[in-house]
Amino acid sequence: MTGAAPPDVTAELARAEALSRVRSAFAAAGIAEPALDARILLLDASAIDATELAIRPERPVGEAGAERILAHARRRLAGEPVWRILGEREFWGLTFWLSPDTLVPRPDSETAVEAALRALPRRDAPARVLDLGTGTGCLLVAVLHERPEAFGIGLDRSPGAAMTARRNAVRNGVGDRAALIVGDWAGALSGRFDLVISNPPYIPAPDLAGLAREVREHDPRAALDGGADGLDAYRAILADAPRLLAPGGALVLEIGIGQADDVGALAFARGLRLDETRADLGGIPRALTFR
């Protein structure tokens, strides 16, 4: 995408034509979803919604609008992901701010939220929740949003990520029930939790260089690198899980493709039994629940 020509967008151009030109520029650059990316970025740059675009497609984008559209387009053509450009992403029907210290929440991770809610079936029951490697806080905040009597702790080794998660907890109305702390996994924590959840780094270190440019250049390496075999974080989490789980408590782990058997074996060695495997929308095992 480097060196790709930006679209010709000027103040007098109609919204629909501006969208067409941005889409064409993205397609020519080989962007995977040029129409979707162009639409999302044009709506944001124009400060309008899809309904406004549909009703008034002939309205000129204006001078300020053209500048913002071009700025967004240039960043996308340079390889920056759409959600990094917007600075936020929707997850579980909630909106989360991003920062350089956090991953972008992905739809696949909603599978872990589904597993967590099955592990805490009563909406009105008090519960203690621990989210290890919280990042944006999306897993913790989504669970607390659905379980209004629960209290949660989100832990991340990045101070910037913990700060971002704190802002997101407040933004989504669960700030009074969420504590965000900085630490290296759960070694310094005590107490028992009804639910421990985590989407840890699970990419094998040798595979990092082959990741898509949008991920490789814009996601924090520490949130991706799972060590030589991709399992280092699981070993650390599972070492502490037995002492952290309350009687009847559940551990929910998001996993990468093909990791179910290896993570299951690590958990079994720590005295945990596999309670459920949940697949994502692509049919790939994505979340494991242990007791």
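This is a guided tour of one predicted model, stop by stop.

**Before you start**

Residues are numbered from 1 along each chain as its sequence is written, and side-chain values use heavy atoms, with hydrogens and water left out. Because the model is predicted, local features need pLDDT of at least 70 and side-chain atom pairs count only at pLDDT 80 or more, while totals for chains, interfaces and linings use all residues.

**Stop 1: helix 1**

Select residues 15-28. This is helix 1. Helices (H or I, at least four residues) and strands (E, at least two) are DSSP runs, numbered from the N terminus. Check the length. The expected span is 1.5 Å times one less than the number of residues. For the 14 residues of helix 1 that gives 20 Å, and the end C-alpha atoms are 20 Å apart, which agrees.

Now colour by burial. Buried means under 20% relative accessible area, exposed over 50%, and partly exposed in between (1.4 Å probe, protein chains only). In helix 1, Arg15, Ala18, Leu19, Val22, Ala25 and Phe26 are buried. Look down the axis of helix 1: the buried residues fall within an arc of 130°, so they line one face of the helix. The arc is taken from the directions between the helix axis and the C-beta atoms. An α-helix has 3.6 residues a turn, so residues three or four places apart point the same way.

What do the buried residues of helix 1 pack against? Show helix 2 (34-46), helix 3 (50-55) and helix 4 (62-77). Contact here means heavy atoms within 4.5 Å. Then step past the end of helix 1 to glycine 30, where phi is positive, near 85°.

**Stop 2**

Select leucine 41, in helix 2. Its relative accessibility is 3%, so leucine 41 counts as buried. Leaving out residues up to four places away in sequence, leucine 41 touches Phe26, His72, Arg76, Val82, Ile85 and Leu86.

Rolling a probe the size of a water molecule over the atoms shows where empty space is left. On a 1 Å grid over the protein atoms alone, a cavity is a set of points where a 1.4 Å probe fits but cannot get out; a pocket is an open set with protein on both sides within 12 Å along at least five of seven lines; lining residues have an atom within 4 Å of a point. Grid points are joined across faces, edges and corners, and a volume is the space filled by probe spheres set on the points.

How many cavities of 30 Å³ or more does a search of the whole structure find? One. The largest cavity has a volume of about 30 Å³. Helix 2 and helix 4 each supply at least two lining residues. The lining divides into six nonpolar, one polar and no charged. Ala, Val, Leu, Ile, Met, Phe, Trp, Tyr, Cys and Pro count as nonpolar, Asp, Glu, Lys and Arg as charged, and the others, Gly among them, as polar.

**Stop 3: the two pockets**

Select Leu103, Asn199, Pro200, Ala223 and Leu224. Of the 36 residues lining the largest pocket, these lie nearest its centre. The volume of the largest pocket is about 640 Å³. Helix 7 (138-146) and strand 4 (150-156) each supply at least two residues of its lining. That lining has 17 nonpolar, nine polar and 10 charged residues.

Next, select Glu33, Pro81, Trp83, Arg89 and Glu214. They lie nearest the centre of the second largest pocket, which is lined by 20 residues. Its volume is about 540 Å³. Helix 2 gives the most to this lining, with three residues. The lining divides into 12 nonpolar, one polar and seven charged.

**Stop 4: valine 196**

Select valine 196, in strand 6 (residues 193-198). Valine 196 is buried, at 2% relative accessible area. Beyond residues up to four places away in sequence, valine 196 touches Leu130, Leu132, Leu245, Ala250, Leu251 and Val252.

**Stop 5: two tryptophans**

Select tryptophan 92, in the loop between strand 1 (88-91) and strand 2 (94-97). Its phi is positive, about 55°, although it is not a glycine. Then go to tryptophan 185, in the loop between strand 5 (178-182) and strand 6. Tryptophan 185 also has a positive phi of about 55°. At 13% relative accessibility, tryptophan 185 counts as buried.
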